Amino acid sequence: MAAHIRVPTVVSRAGAVSALTVAAVGGPVAGPGIPQQAEAASAAAKALQVAASKKGAPYVYGAAGPNRFDCSGLSQYAYKRAGKPLPRTAAAQYNRTRHIKTTSRRGGDLVFFHSGRSVYHVGLYAGRGRIWHAPKPGTVVRLERIWTKKVWYGQVR
């Protein structure tokens with residue numbers, strides 16, 4: 001016989017169910033200042049899928065798709081298709097993201113390559129230490145291992 005657990009629901013005078021009750025039964029929790037983790041995760045997954053679909057597209061400086069890209073053009077294009085607009089340059093994209101530790105990175109998070117305090121390249125984290133990116137003139141959008149430890153990570157909000 002299955003056991004049933006009764007979770008009390010707390011309803012405010014305004015008729016709102018408490019966040020703790022919603023969380024206890026596995027529902028999404030939303031509210032002022034509470035990020036929508038599921039929404040952010042699904043946007044990141046969609047952006048990663050879009051970036052991967054551009055495999056083989058040529059690198060062209062200043063290009064932002066749909067058939068040619070530079071690094072920040074690819075990330076901007078992918079996230080725009082996922083419903084999350086980003087600014088145009090890698091540095092501006094870094095400033096728009098929530099900065100996270102390496103241990104917190106997930107597929108679709110942005111990987112920012114830096115020299116000192118200056119961001120010079122961006123790609124989309126694909127897992128297992130790899131990124132989708134548009135590397136440089138004469139190359140194409142491709143999946144590649146992260147080649148340096150001089151990277152920062154950001155989640156698109």
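These legends describe close-up views of a predicted model. Local features need pLDDT of at least 70 and side-chain atom pairs count only at pLDDT 80 or more, while totals for chains, interfaces and linings use all residues. Residues are numbered from 1 along each chain as its sequence is written, and side-chain values use heavy atoms, with hydrogens and water left out.

View 1. Helices (H or I, at least four residues) and strands (E, at least two) are DSSP runs, numbered from the N terminus. The order from the N terminus is α-α-α-α-β-β-β-β-β-β. Of 157 residues, 38% are buried. Buried means under 20% relative accessible area, exposed over 50%, partly exposed in between (1.4 Å probe, protein chains only). The accessible surface is about 9700 Å², with 55% on carbon and sulfur atoms; areas come from the Shrake-Rupley method with a 1.4 Å probe, and for residues only the protein chains shown count as cover. Among contacts (heavy atoms within 4.5 Å) with a separation of 6 or more, 49% join residues 24 or more positions apart.

**View 2. Helix 3 is mostly covered.** Gly-83 follows helix 3 with a positive phi, near 85°. Ala-92 sits in helix 4 (residues 90-96) and is partly exposed at 27%. Its C-alpha atom lies 9.4 Å from that of Ser-72, 20 residues away along the chain.

**View 3. Arg-88 and Asp-70 form a salt bridge.** The term means a side-chain nitrogen of Lys or Arg within 4 Å of a carboxyl oxygen of Asp or Glu. The N to O distance here is 3.0 Å. Arg-88 is in the loop between helix 3 and helix 4, and Asp-70 in the loop between helix 2 (37-53) and helix 3, so the pair ties together parts 18 residues apart in sequence. Arg-88 is partly exposed at 26%; Asp-70 is buried at 7%.

**View 4. Glu-144 and Arg-142 form a salt bridge.** Their closest N and O atoms are 3.4 Å apart. Glu-144 is partly exposed at 25%, and Arg-142 is partly exposed at 31%. The count of salt bridges comes to 2.

**View 5. Four arginines, Arg-96, Arg-98, Arg-106 and Arg-157, form a positive surface patch.** Patch residues have over 30% relative accessible area and no salt bridge; like charges are joined within 9 Å, nonpolar side chains (Val, Leu, Ile, Met, Phe, Trp, Tyr) within 5 Å. The place of an Arg charge is taken as CZ. Arg-157 lies in the segment after strand 6 (151-155) and is exposed at 59%.

Conventions. Lys, Arg positive; Asp, Glu negative; His and termini not counted.
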